[in-house]
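Thank you all for making the time this morning. Please have the model up on your own screens while I go through a few places in it.

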Amino acid sequence: MSELQLSGTTVSRGAGPVVSGVDLVLREGEILALVGPNGAGKTSLLESVSGVIPHSAGDISVDGRSMAKWGRVQRARAGIAHIEQGRAIFPSLTVRENLLLTAKNDAGVQEVLASFPELEKRIDAQSALLSGGEQQMVVLARAFASKPRFLLIDEMSLGLAPVVFMRLLPLIQQIASTGVGVLLVEQFTHLALGIADEAMVLASGRVSHAQGPAQALEEDPELLRRAYLGG
Amino acid sequence: MLLANRSLRVALPFVVAVLALGVGWALSVGLSGYVVYLAISMVTATIAILGLGIVTGSAGIIALCQLTFGAIGAWIVSWLNVSHAPGGFIVWLVAGGIGAGVAGVIIGLPALRLRGVNLAVVTLGFAAAFDVLLVQTQFPGQADGAQIERPAMFSSDRQFFFFAIIVLVICALGVFLLQRSRIGSSWKAVAFSERGTAAVGQSVSAAKLSAFAVSAALGGVSGGLLAGQVGIPYASSFTPIQSLALYILAIMSGAYLIDMAIFGGILWVLVPELLKRWGVPQDWGFVVFGVLGIQALTSGSNLGEAIRSGIRKRAKRRSAGAADPGSVTTSVLDVFAVPEAEEPIPADAPPVLEVRGLGVQFGALKALDDVSLRVRPRSIMGLIGPNGAGKSTFVDAVSGFLPQHTGAVELDGADISRLSPVSRARRGLRRTFQQDRVPPQLTVEAYVRFVARRALDRDELADALAFLGCPPPEEQLANVDVGTRRLIEVAAAVLSGPRVLILDEPAAGLSHEEHLQFGQRLTRIPSRFDTAIVIIEHDLDLVRTVCTELTVLDFGRVLAQGEAGSVLEDPAVVAAYMGDAEVTQ
Amino acid sequence: MNGGALLQGALSGLAAGGVYAVFAVTLTLMSRLVRVVNFAQAATGMFAAFISVWFASKLGIPVWLATIAGVVVGALLSALIGWIAATWLAEADLSTRSAMTVAPFLLLMSLSYIMFGNKPQPFAPIFDGAAFSVAGVVVSWVTVVTVSLAILVALAAAIVLRKTTIGTKLRALSDRPTTAELIGIASKPLSIGVWAVTGAVSAVTVLIIAPTQSNDAVSLSMLIIPAAAAALLGGFKRLDLAVVGGLLLGLVGGMVAQVSELTLVRSFVPLVFIVVLLLWSQRKAVWDAAR
C-alpha cells in the first residue's frame, strides 16, 4: 500500500522554523484533516510537500523514496497534487482548457465531467467568470483529472459561503473513495473533521495533537478548544 | 573612549578628504602627461558613477540616461563659454550641475508613478532622443572650434587634474554626508518600500525627486568637467550605449559606496586602456562589462558588498567571545521599571484614537463594514479575528493607505480621515507592517533615527533597542534576520513617541518563547512612552497576557468588543475561530 | 508643406511603423509569457542580421541560406539569454529580469562593433521598390511587407495561444507560474522556447528592413524604444493594440518628419508617447506594493 510520509519535517522561512518536527502518514484512500489556528504553519507544511518551498530538516517521502531533491514538476508527476489557497484556477483559460492541462485529451475531460456533472454546462466559459464555488470545483476536477495518488487541499473554503463549501465536501470524499490520499487543511474545523478519517492539530508550528482518529477530536470539544485557543 | 569614537566619526570623513586632496596633488605632479589626461577621465567617470549610485543603488531605480545629464552639463558649460558668461569655468560648472539637476527632477517626475522597468524604458527613451538631438544641433561653439576656457589657476592638464580632484573630493564628501543624513536614509527606505517610507512620515515624492536631482546634478558636473578637459565636447562622449555601460558598472561595483564608485571610475578608464596596450580592440571593454553585468544582475550581489561582508566576517571572527551582549538586558529592564509610576489615566479620559463607522469597499466586496472602536490612552487593545476578517485592511484604512474609506478616524479628538499616511504618521499615528518593511541597506541606528524623526540620545536609543531584545545600534540591518527586523521596526516606532502605535503581527517571525518574552516587554511600553497600542496578533496566549481590551473582527464586521477575558470566553468568538460561526447558525 | 506631403510622409512612416509593430508584438509576448521586458530584443535581431550579412559577403554563402542561418542565430542567442533568466532569475520579479537584459544589450552592441565595425552593413535588399501607388502617393514593398509581417506575427501568436496545447500551457504559466508547475507543466523549456521564437522573429524583421534604412548597430538596437512605446499602448498585454500602437507611431513620426519646424523634436515623439501612456495607465499606482 502506498503512503506519503513526513518524518520530523521542519520548514524554515526567513527568521527561523515556521514548522518544526512534524510526523504524519497519509495513506491511499484516506482523508487526513490538518487543523489549527491562523499562522500555525499549515500552508507552509503543504508547500514543502509539493515543493513550492524546500523543507530544512527531516524528510518527506513517497513509498519510502525521499522526495527531498525533487522539483515541483517531478513531484507532480509522482502523483502529488496540491490545491493552493485562494482560487488556483487559470483565469484566462476556459473550464475545458483548465481540465485539458491535466486530462490530456477530450476523453479524459469527459471522464472527469462524469464525476463533476455541474461543470458540464459551463465547460466553455472563461473560468474567471465563474462563481467562487464553481471555480473551486474546476480546481478539484483539474486535480482529479491528473489521477493523483495524494491530494493536498489548502483552505478551499476561503471566501466561500459555508453552504457553497458544503457542496464541495462530497466531491472531496468521492475523490478519496477512488483511492486518493487527501491531506485536508481547512478553517471550517468541524466540517473538515466530519469527512476525515484521521486528524491532527498544528499550533505555532508544532504538532499540538498527534495524528489519530478524527472522531476523537470531534467528540471532545474541550480538547479542540485548547489546541486552538490555548489557555 | 566612546566619546572619542564619536568625534572621530564626525572628523574622519574630513580627514580623509584632506588626505585625498594631498594624494591628488602629489599625483598631479608625479604622473606622466599621458596618464594625467587619462586620470581626468577617471575622475569625471567617477563623479558620474557616484551620481548613478544614488538612484540605482540607494533609491533602487533603473536609470539608463546618466551621460545624458552629463551632456546637459557639458552643453551648459559650452554655452556659457561661448556667450562669455561672467564667473568663469567654476561658476559655469556649478550652473551645469544645477541645470542637469533640474532636468533630473523633470525626468524624475514620472517616477512618482512609474517604477522598475517602466522607468527604465523612459530613461532609455530620453537618452536615445537626446542623443539624436545632440548629433543634430551639436554643442554650442563646436562648429567654430571654440575651446572652453579652463580656470586660470588650472589651465594645464596637470593643474586641471588637480582641479578635477578637488571637485571629486567635494562631491564625494557631499554624497557621503547626504548618505549619512535623513535624506540618504530616505533614499534607501524608498528603494525598499514606498509604503514603509510613507508610514514613518517621510514624503515618498521628496525622497525620489531629491535622489534624481542629486544624481543628475553629479552627472552634469561630470559632463561639465569633461567639457573642460577636452575643450570641445562632442555627442560621441555621451551616447546611450555608454550610459548603459555606466549603469552596469554602477550595479556590479555597488556604486552607492563611495570607494566602489572610485573603483568603477578606475575600471571605466583602465579596462579599455589595458586592452589597447595588449592590442585588443577597445570595444571588448564593454563586452567585459556586459558579461560581468550579467553575473551581477543574476546574482543580485555586487563587488562592494562582497568585499565589505568579507571584512565584517573576519572582524567578527576575531572579536568572537570577547563581549557578552546578554549582560545589558537585565540592567536595562531595571531602568525601565522606574518611570512607570507616572500619574494614572483617569477612567473618563477621552480616547486617544476613535474610529467611527469605518467602511472599506473593494468592488463588490465589503472588506470592512461599520467598524467602530475607541482606544484609551496608554492602553493595549488587541485586534483579532480569523483569516480574511479585515484586520490588515483596518490598519491600512486607519493609517491612511486607503483614502476611499468611509467613516471617521480621530486622533486626540482631531479628525484625520482626510489626511495622507505621511501627515497621519507625523501627527503621531504610527503603524508597523506584516511584511518586512525595514530597509536592509541601513544600520540599525540610522534606521531608528530615520523612523523616530526626532533627536535621540545615543543611550536612549541603545537602551530601547536592548529592552526589546534588538541587536546593537551599529549592526547592519542586512545581517539581521527578518523576525528581529520586525522587532527593530517596533522599537523605532516606539522611539518616535507616537500617540497611537498599531502593530500588525509584530512577533510573527519569532519562536514561541521569544514571542511570550516580547509580549511581556510590550506591556511596559505604554506607560514608559505614553503611547497607546493596537496590536494584531494570532497567538491568543500572547493576546491574553498583553491586551486589556479586545476587538474581534469577522467578515469585516465587529463580532465582539470589550474586556479581554470575557471576549475570549464568548461562544461566538470561539465559533468564529473554529470557522463554525455561520455553519452552526 | 501641403496635405500631399503629409500623406506621403505618413505612408513612408508606415514602413517604420510596421517594424515598431513587430517588435512591439514580440515585447508583448515576452512580457506576458515570460515576465520580461527584453531590452536586448532589437539588438538580438540586429546582431543576427549582421551575422547573416557576414555569412553572405565574407563566406560567400548564398543569400537565402545566410538568411536562414541568421534567423537560427537570432533564435539561439535569444534562447541563451532566456536560459540565463530561467536558470538564475526564475523567481525574480519583472523588473529584475528586465534589468538583466540591459547587459546582453550592451554586450551585443559592443560585439557587433568589434566584429563588423560601426558602419552600416551591406545588406542585400530582399524586398525592393514600389509596390503600388495610392492617389499619387507611392507605397513601397517594404511597407507592405513589414505591416503584413506585424499583423501576421500577431495573428499567428494569437492562434497558437488560443488553439494549441502549448499555447494553453503558456497561458497557464503566464496566469499562475507556480500553480502551473504544481500540475506538472515544466516551465523552463517552454519559456526558453518563447525566447527563441521571438529572437527568430526579431532577426527576420531586421533582415527585411535593414537594407532600406540606416542600418548601423545603434539605430537598429534602439528600435526597442519606439517598440516599447507601441507595446505600452496595449499595456504589454494586448497584441492587437501593440500593432495599432506601432503603426500609429510610424504614421505620426512620418508626418512630423515632413514639418521642418519639428525636425529637432522628432526623436522625442516615442518618448512623449511612452510618458503619456505610462502616466495614464499607472495613474492609480500610488504605491509600489498592493498592500
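Let me begin with a convention: two strands pair if DSSP finds at least two bridges between them, and strands (E, at least two residues) and helices (H or I, at least four) are DSSP runs numbered from the N terminus. This is a predicted model, in which local features need pLDDT of at least 70 and side-chain atom pairs count only at pLDDT 80 or more, while totals for chains, interfaces and linings use all residues. Residues are numbered from 1 along each chain as its sequence is written, and chains are lettered from A and ligands numbered from 1 in the order in which they are written.

In chain B, strands β1 (residues 353-362) and β2 (residues 365-375) run antiparallel and are joined by seven bridges. They form a hairpin with two residues between them, and Gly363(B) in the turn has a positive phi of about 60°; Phe362(B) has Leu365(B) of β2(B) as its bridge partner.

Turning to chain C, helix α11 (residues 239-258) packs with α12(C) at an angle of about 140°, their axes 10 Å apart.

Finally, where chain C meets chain B, the contact (C-beta atoms, placed from the backbone, within 7 Å) takes 40 residues from chain C and 42 residues from chain B. On the side of chain C, α4(C) gives the most, with 16 residues.

Key: Contact = placed C-beta atoms within 7 Å. Axes fitted to C-alpha atoms, helices over the stretch in contact; angles between N-to-C directions.
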